[in-house]
Amino acid sequence: MLNLKFLNLIKKYFMKDLKKLIPIIFTTLFFLSCSGDFEGYGDDTPDVAAEVKSLTLSFTQGTITVNQEVVFQVLSDLNKDITSLCKIFINDVEISGNKFTPDKVGEYSVYVTYNTLKSEIKKFTVTSSPSSEVKDFKTNVLIEDITGAWCKHCPRVSYKLEQLKKQTDQVVVVAAHYGDALQFAKVSEMSNLFGLTGYPWAQVNRTSRWNESANSITSLVNDKAKAGVAIESSVSGTTLSVKFKAKFADDFSDLKYVVFLLEDDIKLDQRQWEGGDYGYGRGTDRDGDGRIWLVNFNHTDVLRHSFTSSPLGESIPLSSSKKGSVFEKSLSFEIPTSYNKDKLKLVGIVVKKDNKAINSRLSELGKTQSFEEL
């Protein structure tokens, strides 16, 4: 009996203490069972700062259209996804997150940074949405007049150009001077391209010599152009800032752009043919040697500066000359004090590989133009 009572007593107290121990036992078992997982988690989490030596950027491939989301991903040199740890820049502007939705056509540059590391710069082109309509553009006819104050027959072309401007506002005139105080430094490049053999000489759209007939120009202005030009500009002090833009209604290759600065109302004596007035009156024998001059002749559309390194143009990237694409180029120029800022204007031109001008545009300074879509 004594032994039985003793055993029951031990059982009673053991079970009472066991109830107290149960929560502790379960907690200990849970910790022990999960300790391997926690240890593994620590092993699987890389020391990113220590291991990242290079960045590989990838994004949506294929055709990208306006309002189509582009998703970016960044992998480390150990092929680990570290996108969330990086900064992503589109055209040098940081975006939020790793998704970007372009709102206009054109070429975009993208790169990423992680701490002091920077990925290579990649580019992608955004085209117009297949559902959006790509329109043609108003045509402006370019006439480049190679002239000089010493040329006694050049006033004939000057006068006819003045009359032509009264018939249509879709003509863009550039007067490149040679052999006088207004000579354009690179006029020989233009003369060689045009095959100039004498003066006066005016070239239409860089393809043929103008026959000085107004009808030959007005017959071209109703054509629909597949490239449009728009110019934005501003002046701060003596600094002229220009943005040239071209938009395309067809796929092009090997295009070039040209941007000129012109000045109006420059006074310089102009030689005049002794046998007639060419519309400006008789003129005077200024020097008493029988030569006739138009004293203080008003020269307009004078080519002062080419923003492009050559007056024949600089290349437009192939990716920016596709249907629906917009090419943009920012330029600047310090205006000399000898120029009259109130008389300056800009000309933008798009030319093909064969140097044919497919459209042009005239702009006053300080204006923001939109494309002349039809």
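Q: What counts as a cavity here, and how many of 30 Å³ or more does the count give?
A: On a 1 Å grid over the protein atoms alone, a cavity is a set of points where a 1.4 Å probe fits but cannot get out, and lining residues have an atom within 4 Å of a point; grid points are joined across faces, edges and corners, and a volume is the space filled by probe spheres set on the points. By this rule there is one cavity of 30 Å³ or more, and about 180 Å³ of space lies in the largest cavity. This is a predicted model, in which local features need pLDDT of at least 70, side-chain atom pairs count only at pLDDT 80 or more, and totals for chains, interfaces and linings use all residues. Residues are numbered from 1 along each chain as its sequence is written, and side-chain values use heavy atoms, with hydrogens and water left out.

Q: Which residues lie nearest the centre of the largest cavity?
A: Its lining has 19 residues, and D145, S158, A175, H299 and T300 lie nearest the centre. Helix α3 supplies the largest share, six residues, where helices (H or I, at least four residues) and strands (E, at least two) are DSSP runs numbered from the N terminus.

How values were computed. 1 Å grid on protein atoms, 1.4 Å probe; cavity = no way out; pocket = protein on both sides within 12 Å on 5 of 7 lines; lining within 4 Å.
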